Amino acid sequence: MAREHSTEDDDCTAQENDRQQFQTIVEKAREALTHDDPLESCAVTVRAHNRECDNNGVTHHLIRTEEEWMAIRTWAEPGGDTGIAVDSHGETLALDVVELDQDQVANRICNEALAAIDSHDAVGRPVEPFTALVRHAEDVAELLVTEWETGADHVVRERLYEGIAGWMDHTAWTAHEEEALSIEAERATTQFIENYVNYDVSDDVEATIRDISKEALYDAVARHRDRQTPHLDYAAEVTLTD
């Protein structure tokens, strides 16, 4: 009795054809880079193509094919040729979220809470929620950083699979995620009030604490920005393995 043909058979055949067609990973990478050229017929199926050009004219690519990921650099050479180097490749993509300075976050929270206490007479706010914020600034900072790390892992991974993440030197990032960061600050604020404030606070006080948390988080994230990534909000180091 003949065995029924399956999708797995097609995948195995495609992978075997790739191995036979491309003798080196550089050959396969060069072919994959032609996928968005309307004048070329690309023999590699590209699922996602993340790319960014640096200040030296080198374009950094992270490409996902049906079988693997490839981290590639390309540059223009004299005579119109394109230089190419494959930095790494592998079937599995792993993320290591960049580290925020938690002490910096706590210090910013503490300073802003003290400023709110100093101005409470003028604005009519109660002091107690802000004195609690000073006492527990380290705990709130930990909540914020944990929320951000969870968000970074999810968002960066999602953008990479969509092919719209920034990519440079094994670091992937996303930009213009202000709404997500605001939600993280709101969650940390809610946890702080539930854990350390023993009564309901006004909307104005809650909004002030949320703004303090948000600005402290923004400042810590901004430390990871540079000329290449002026709007970075999430970032992670990427490792490709078989």
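I looked up R159 first: at 18% relative accessibility, R159 counts as buried (buried means under 20% relative accessible area, exposed over 50%, partly exposed in between, with a 1.4 Å probe and protein chains only). I note that the model is predicted, that local features need pLDDT of at least 70 and side-chain atom pairs pLDDT 80 or more, whereas totals for chains, interfaces and linings use all residues. Residues are numbered from 1 along each chain as its sequence is written, and side-chain values use heavy atoms, with hydrogens and water left out.

I placed R159 in helix 6; helices (H or I, at least four residues) and strands (E, at least two) are DSSP runs, numbered from the N terminus. I then listed the contacts of R159, leaving aside neighbours within four places in sequence: N50, I164, A165, T174 and E177. Contact means heavy atoms within 4.5 Å.

I traced an open sheet of four strands in the order 1-2-3-4, with antiparallel pairing; two strands pair if DSSP finds at least two bridges between them. Strand 1 (46-53) and strand 4 stand at the edges with a single partner strand each, so one side of each lacks a neighbour in the sheet. On average, neighbouring strands of this sheet are turned by 20° against each other, direction ignored. For such values, axes are lines fitted to C-alpha atoms, for helices over the stretch in contact, and angles run from 0 to 180 degrees between N-to-C directions.

I went through the pairs in turn. Strand 1 and strand 2 pair in the antiparallel sense over seven bridges, and C53 stands opposite T59 in strand 2. Strand 2 (residues 59-65) pairs with strand 3 (residues 69-76) over six bridges, again in the antiparallel sense, and a hairpin of three residues joins strand 2 to strand 3. T59 has T74 of strand 3 as its bridge partner. T74 in turn stands opposite I84 in strand 4. Strand 3 and strand 4 (residues 82-90) run antiparallel and are joined by eight bridges. Their hairpin has five residues between the strands, and there G79 takes a positive phi near 95°.

Which helices lie across these strands? I found that helix 6 lies across strand 1, strand 2 and strand 3, running at about 110° to strand 1. Helix 2 lies across strand 1, strand 2, strand 3 and strand 4, at about 110° to strand 4.

I checked burial in helix 2 (residues 25-32) and found K28, A29, E31 and A32 buried. These residues cover an arc of only 160° around the axis, which puts them on the same side of helix 2; the arc is that of the directions from the helix axis to the C-beta atoms.

I traced another open sheet of four strands, with the order 5-8-7-6 and antiparallel pairing. Its edge strands are strand 5 (92-97) and strand 6 (166-168), each pairing on one side only. The twist averages 35° from one strand to the next. Strand 7 (residues 171-175) and strand 8 (residues 232-241) run antiparallel and are joined by five bridges; T171 has E237 of strand 8 as its bridge partner. Helix 6 (residues 137-162) packs on this sheet, touching strand 5, strand 7 and strand 8, and its direction makes about 65° with that of strand 8.

I then looked up T241, whose place is in strand 8. Is T241 buried or partly exposed? I recorded T241 as partly exposed, with a relative accessible area of 36%. Leaving aside neighbours within four places in sequence, T241 is in contact with G90, E91 and T92. T241 and S88 are 153 residues apart in sequence and 8.4 Å apart in space, C-alpha to C-alpha.

**Helix 3 against helix 8**

Two packed helices are described by the angle between their axes and the distance between the axes. I noted about 145° for helix 3 (residues 102-118) and helix 8 (residues 203-222), with axes 9 Å apart. Helix 3 contributes Q104, V105, R108, I109, E112 and A113 to the contact, and helix 8 contributes I212, E215, A216, D219 and A220.
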